[in-house]
Structure formats: structure tokens, C-alpha cells
Amino acid sequence: SDGRQSAAIRRLSSGHLESLALANNLLSALPFSLVPTVYVRSKLGTLAEDILMDDAALIEEMGGDALCGGMTDDEVLDACWLRGLPVGRFVNVGGSVRSGIHRREEEMQEMRIALSNHLGMMKVLMPECRPLPADGIQSSPENRYRGALVRDDALKLLVLHLPAVRFSMKI
């Protein structure tokens, strides 16, 4: 990104920023009132851009790969954590080693399903990866596409709100 804040993120109220920051694990250690809103806006914008760029890369790399089978468990865990997808506990307190390993495998499968579903949704919502008209700067079609992608305020706001929506839907 070129450091500019998204106009849509700039327009969010302080309360809205706080909710998004909490939902996206950006303010776990400090009270919101102690953190400058310009910092929170910047972190939210950077997070949204990171997610969109990673989504685009994973969609391109994975193609039709069901359940992200080409990714390691650690890559799936990192991808889910970044997006606020469920990551499970990976711990079975009081359980046997075998049941702990079995539970981890179940949780990893759930994470793969959640990430696949997220990427499937984003694939439909993202513009097709195609060369955009030259922007006067010598840049590759891929870089022009990525530049347009991270300037899409609607997609930025969507990926920032998804963790809050998921949290509100938990039973």
C-alpha cells in the first residue's frame, strides 16, 4: 500500500473502530482510549490489505484445490488467524494423548473447511485477476491488479467486519 488511509475506514466512528479493532485482535492489551485513532485506522487498513492480498494469492495458487490440501497445517492456522476464522484450541485438557491428537485433527479439518469457504466467497466477490490498463508507471499487470484490489473500500470493510459477524453468530 502507499500509506494512504481508506476513505471508508476514515469515516468510521470511534466506537465502530473500537469494535473492529477488538474483533480483529488489534487491541487486546491496551484500552482503546489510550490508542490514537489514527493508529487504529492505519492498523485496520493494513490488516484489510494484507487479507485481500493473501486471499488473492491463495485463490490463484489453490485453483480448485478443495479444503486447501496444498497448504501445511501451520499455513492453514496462520491464514485462519489472520482472517479471524475459528482456530480451535489444539488442547484437550484432561484428555488422553490419543484423544488430544484426534481432536487436533478434527479442528484442523474444521479450519480447512472454514478457510476454503472464506476463499470461495472471496473468489466470487473479487474482480477477476486480469491486466488493468497501464497506469503511466512501468508496473506489471499483476501489480496493477493488486493495487486496484487494495483500493477497493467495499472489500476492505467486508474483511474487517467478517470476524465480528462470525463472533455474533456463535451460539
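Predicted model: local features only at pLDDT ≥ 70, side-chain atom pairs only at ≥ 80, totals over all residues.
Biologist: What makes R83 count as buried or exposed?

Modeller: A residue is called buried when its relative accessible area is under 20%. R83 has a relative accessible area of 1%, so R83 is buried. This arginine lies in helix α4.

Biologist: Which residues is R83 in contact with, leaving aside its neighbours within four places in sequence?

Modeller: R83 is in contact with I51, D54, D55, L58, L115, H118, P163 and R166. Across the whole protein of 171 residues, 33% count as buried.

Biologist: Good to know. Why is α2 called roughly perpendicular, rather than roughly parallel, to α7?

Modeller: Angles from 65 to 115 degrees count as roughly perpendicular. The two helices, α2 and α7, pack at an angle of about 75°, with their axes 8 Å apart. That angle falls in the range, so α2 is roughly perpendicular to α7. On the α2 side the contact is made by H16, L20 and A23, and on the α7 side by L160, H161, P163 and A164.

Biologist: Now the inside, please. What makes a set of residues a nonpolar core, and which members of the largest one touch the most others?

Modeller: Its members have to be buried nonpolar residues joined through side-chain atoms within 4.5 Å. The largest such core has 36 residues, and M71, L115 and M126 touch the most other members. Helices α2, α3, α4, α5 and α7 each supply at least two residues of this core. The largest share, ten residues, comes from α3.

Biologist: What does M71 touch, not counting residues up to four places away in sequence?

Modeller: M71 touches L58, M62, V76, A79, R112 and L115. In soluble globular proteins, nonpolar side chains tend to be buried together.

Biologist: And how much of the accessible surface belongs to carbon and sulfur atoms?

Modeller: The accessible surface comes to about 10,400 Å², and 58% of it belongs to carbon and sulfur atoms.

Notes:
Residues numbered from 1 in each chain as written. Heavy atoms only, no water. Buried < 20%, exposed > 50% of the residue type's maximum accessible area, 1.4 Å probe, protein only. Areas by Shrake-Rupley, 256 points an atom, 1.4 Å probe, with all protein chains shown as cover. Helix = DSSP H or I, 4+ residues; strand = E, 2+ residues; numbered from the N terminus. Contact = heavy atoms within 4.5 Å. Axes fitted to C-alpha atoms, helices over the stretch in contact; angles between N-to-C directions. Parallel < 35°, antiparallel > 145°, perpendicular 65-115°, else oblique.
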